[in-house]
Amino acid sequence: MAALCAFLAFNYFFIEPYFTFIVHHTGDLLVLTVFFVVAAVISQLVGQARSGLAAANAREREATQLYEVSTALSGLQDDRAVAHILAERAMQAFRLERLELSVTGRAPDNAFEFSLPAGRPASRKPERIVPLQTARGLLGEMRLWRLEPMAQPAEERMLHIFASQGAMALERAWLGQADTRARVLEESDQLKSALLSSVSHELRTPLATIKAAVSSLRGGQVPWKSAAREDLLAAVDDETDHLNRLVGNLLDMSRIESGALKPQRQWNLISEIAGGVLARMRQAAQSHRLVIDIAEDLPLVPVDYVQMEQVFGNLISNSLKYAPPHTTIRISARNAEDSNVLVQVSNQGPPVPKEHLDRIFDKFYRVTAADRVTGTGLGLSICKGIIEAHGGRIWAENLTDGFAFNFTLPLLWEGAPPPDLPVDSDSS
Amino acid sequence: MNPVAHILVIDDEPQILRALRTILTEKKFRVTIANRGEEGLAQAAADPPDIVILDLGLPDMDGFEVCARLREWTQIPIIVLSVRDSERDKVAALDKGADDYLIKPFGIEELLARVRVALRHAARAQGRPESVIKAGKLVIDLPRHVVQRAGAEVKLTATEFKLLAYLAANPGRVLTHQSILTHVWGEAEADHIEYLRVYMRQLRKKLEDDPESPHHLLTEAGVGYRFLIDD
């Protein structure tokens, strides 16, 4: 077309007679023909180049979208996140009116389904259904609603690449989850063997004492009325208590590990709980001075009484082990920021090296050589488990003149403070 | 106290039965034993004991059910023994009519103390209900609503008095949160443990020498409270 116009214009303006389309000379006719051919060829080439450019642009767009979708999908570990990213990208790339994505998965418990935009079911059947398939089988499908037809084969091709990228990402997420589960199992296996080796030693020590004491008493080696007899009996009594504590700790630890330790929350007074523990431990703590330093007006906290009793018990008995005799162990509590209460159990024991501070709450972790101090190595990790189950945080710190355990507890229960007390009147 | 009080022990573990029979007989109690629930109920009916020591885990029936069936016809004290340290079990046993509970393993002194308290409580329940309760330095005059500590009158609010009166009228017995709240504040308030916490603190401050380690108003962790007369 351009060549024809140029040909006519050239004829009209530049070939004599001017301003007519008539050609007189044979030479002019030749010039005109050559001109026409050249113009036609050039316009053909330009046209081709332009459509080539358009195709290249389209391909670039396609490549960019594929690149974006695969980068977006690559880092994801969660199957739902994968499906949502896939759906959002497909909505954009194919200018969809609506998309439904259903994942059947390999087990019923990881099947799910959603639509974009969410809500209202479609009024008509989807225009396209694309399976999400990998070499291992069908994982689900995408149902697409779009008014303009999916004409170009390029779009068709891209749709399938999208689907297969999505399917692979889903599978990767599942494999990742399976791997995590396997690792958790392996770790809990390792934990169990560590537990067994620690526990069999810990269990046998008190049993050995009891057996030795009782058999010597029965065998008549010990005079009926003697200090030795009293000592042996006291040892049996102490060691049975020790065994009982050990079994209790093991049970608690396994509850924490399996997530079965659910606090039975009630509104409680920290001072009442701490007081109860102190009264119970007074006998064991004769060598130390126990002090409660809790403000009268400290609000009620929503905690499990028995579990908190255990936390205080474990922290105090830990302090008793490490702090020198005749020093003070202090329980204090005060309001802290973000609707929390901050509780501190401090003692005048030696500082703990900085690198141990975080790790003392680990199972079986000991700062000093294992044989110096008796215990299960579980007390502090049980504390951590309980405090965290309550939504709090626990940590240890060195003070200028001692050592302290700190923990926080939320003051709100499901976002609310304790209810007000009913009005009371005088008795008489 | 009856010098030859009769104790029925219902437990399925022969080692525990053997130990308890030996120790309690040594302490001049008359001891009968049963290792099943049905057997225990039959024995209790045939030869009524003064006190029952009952294990919660029995082969033929639940210990809670034994409690409930005993309570159908008798008010003899029941002390529950259990290896379960779950608070729910303790509360369930107390709700079914048990007076007290002990967690295995327990020291024998602890068991004997509980037995003595329960027997005294039973003896008192058989007589006329006391209107004036004495506990250490405390004198609680129920009809006159007057409380004295070491001879001096202590001012209590109406609710404080109601709470103290309910606890003191059941000395030695573990009263669950639920039962105290229902009794003092009413059915509708039975879940408001926070009332109880605050009022117990107030009572302890007014009545105990050391409110932080009380002698009379004792907390039963996760279960309830108990009023103890003995120092």
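Two strands are taken to pair if DSSP finds at least two bridges between them. This rule is applied here to a predicted model.

In chain B, V174(B) stands opposite R226(B), a residue of β12(B). The contact between their strands is antiparallel: β10(B) and β12(B), the latter covering residues 224-227, are joined over three bridges. Both belong to an open sheet of three strands in chain B. Its order is β10-β12-β11, and the pairing is antiparallel. The edges are held by β10 (174-176) and β11 (217-220) of chain B. Each has a single partner strand, so one side of each is left without a neighbour in the sheet. On average, neighbouring strands of this sheet are turned by 30° against each other, direction ignored. A helix also packs on the sheet: α7 of chain B, residues 177-184, touches β10 and β12 of chain B. The direction of α7(B) makes about 70° with that of β10(B).

Strands of a sheet pair through backbone hydrogen bonds, either parallel or antiparallel. For β1(A), residues 98-103, the pairing with β4(A), residues 137-145, is antiparallel and uses six bridges. Within this pair, L99(A) stands opposite L144(A). The pairing of β1(A) with β2(A), residues 112-116, is antiparallel as well, over five bridges. Here E100(A) has S115(A) as its bridge partner.

The burial of β1(A) is complete by residue count. Six of its six residues are buried, so the strand is largely enclosed by the rest of the structure. R98(A), E100(A) and S102(A) point one way from β1(A). L99(A), L101(A) and V103(A) point the other way. Residues of both sets are buried, that is, under 20% relative accessible area.

Helix α8 of chain A, residues 379-389, is also largely enclosed by the rest of the structure, because eight of its 11 residues are buried. The buried residues begin with the run G379(A), L380(A), S381(A), I382(A) and C383(A). G385(A), I386(A) and I387(A) are buried too. After α8(A) comes G391(A), whose phi is positive, near 85°.

Terms used
Residues numbered from 1 in each chain as written. Chains lettered and ligands numbered in written order. Predicted model: local features only at pLDDT ≥ 70, side-chain atom pairs only at ≥ 80, totals over all residues. Heavy atoms only, no water. Helix = DSSP H or I, 4+ residues; strand = E, 2+ residues; numbered from the N terminus. Axes fitted to C-alpha atoms, helices over the stretch in contact; angles between N-to-C directions. Contact = heavy atoms within 4.5 Å. Buried < 20%, exposed > 50% of the residue type's maximum accessible area, 1.4 Å probe, protein only.
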